[in-house]
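Subject: Handing over the structure, with notes

Dear colleague,

I am passing this structure on to you, and my notes follow below it. Please read them with the model open beside you.

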Amino acid sequence: MLAFHLERCDYGHSYQSLKVYPNPILPLTTLSLLISFTSSVATVMPAMTSLNVPEAKVEVGVVMIAPKEVHSEDYQPITDPKNVEKFLNDYFADIPLLAKIGKCESYNRHLNSRGEILRGQKNTYDRGVMQINVLYHEETAEKMGLDIHNIDGNVAFARHLYEKYGAKPWASSSACWSKFLGPEIARK
């Protein structure tokens with residue numbers, strides 16, 4: 001509800017001022033219009049596949065399901081790339097793109113043939129299955145209590161990076177993993 005009234009200033013002139021009274025219906029109406037608009041956009045979006053427009057999302061009371069506890073010790077021997085792939089697929093079940101990035105970055109290997117942590121071919125500061133760069137990230141990982149030289153710490157820090165920056169930290173291998181950005185991954 002809006003109301004106008006006249007007030008006098010010190011010089012005898014009058015002017016209009018606007019008083020605004022809170023109206024609880026306005027936020028509810030705005031919310032319902034937003035939800036209605038979002039629903040309409042979501043209905044039209046499939047018809048606009050030739051346009052590269054991101055999906056509109058409204059998060060109202062969304063409950064995220066935490067990924068199950070997944071540890072590398074359940075996937076031994078971790079020296080076998082097939083076991084590492086199973087581990088990554090289970091660990092990143094909620095973010096399947098990260099499992100694909102791990103495959104592209106390290107061919108699902110955390111250790112090299114000598115049993116040492118895998119180092120990057122182009123950048124020797126990259127480590128492990130997710131090729132986390134020790135120059136940029138080791139200090140932060142340590143503050144978080146994560147050892148990026150251990151496969152469990154490596155994937156946990158990769159999740160942190162993804163939540164903070166998306167897939168940008170792995171842009172150099174995007175020619176490999178971007179082909180996996182099909183509808184089944186984009187929806188998750």
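In these notes a residue is called buried when its relative accessible area is under 20%, exposed when it is over 50%, and partly exposed in between, with a 1.4 Å probe and protein chains only as cover. Helices (H or I, at least four residues) and strands (E, at least two) are DSSP runs, numbered from the N terminus.

This is a predicted model, in which local features need pLDDT of at least 70 and side-chain atom pairs count only at pLDDT 80 or more, while totals for chains, interfaces and linings use all residues. Residues are numbered from 1 along each chain as its sequence is written, and side-chain values use heavy atoms, with hydrogens and water left out.

I begin with helix α2, which spans residues 81–91 and in which N83, V84, F87, L88 and Y91 are buried. These residues lie on the same side of α2, because they cover an arc of only 135° around the axis, the arc being that of the directions from the helix axis to the C-beta atoms. An α-helix has 3.6 residues a turn, so residues three or four places apart point the same way. The buried residues of α2 pack against α3 (96–106) and α5 (151–165), where contact means heavy atoms within 4.5 Å.

Helix α3 is largely enclosed by the rest of the structure, because 9 of its 11 residues are buried; among them are P96, L97, I101 and C104. The residue that follows α3 is Y107, whose phi is positive, near 55°.

Some backbone details in the loops deserve a look. Q76 and P77 are joined by a cis peptide bond with an omega of about -5°, and P77 is placed in the loop between α1 (25–44) and α2. N108, in the loop between α3 and β3 (126–127), has a positive phi of about 60° although it is not a glycine, and N108 is buried at a relative accessible area of 5%. Q131, in the loop between β3 and β4 (132–133), likewise is not a glycine and has a positive phi, near 50°; Q131 is buried, with a relative accessible area of 8%.

The structure holds 4 salt bridges, a salt bridge being a side-chain nitrogen of Lys or Arg within 4 Å of a carboxyl oxygen of Asp or Glu. One of them pairs K103 with E85, the closest N and O atoms being 3.9 Å apart, and this pair links distant parts of the chain, with K103 in helix α3 and E85 in helix α2, 18 residues apart. Another joins the side chains of D94 and R159 at 2.9 Å, N to O, and links the loop between α2 and α3, where D94 lies, to helix α5, which holds R159, 65 residues apart. Of these two residues, D94 is partly exposed at 32% relative accessible area, whereas R159 counts as buried at 11%. A further bridge, between E139 and K143, has its closest N and O atoms 3.5 Å apart; both residues lie in helix α4, 4 residues apart, about one turn of the helix, and both are exposed.

With kind regards
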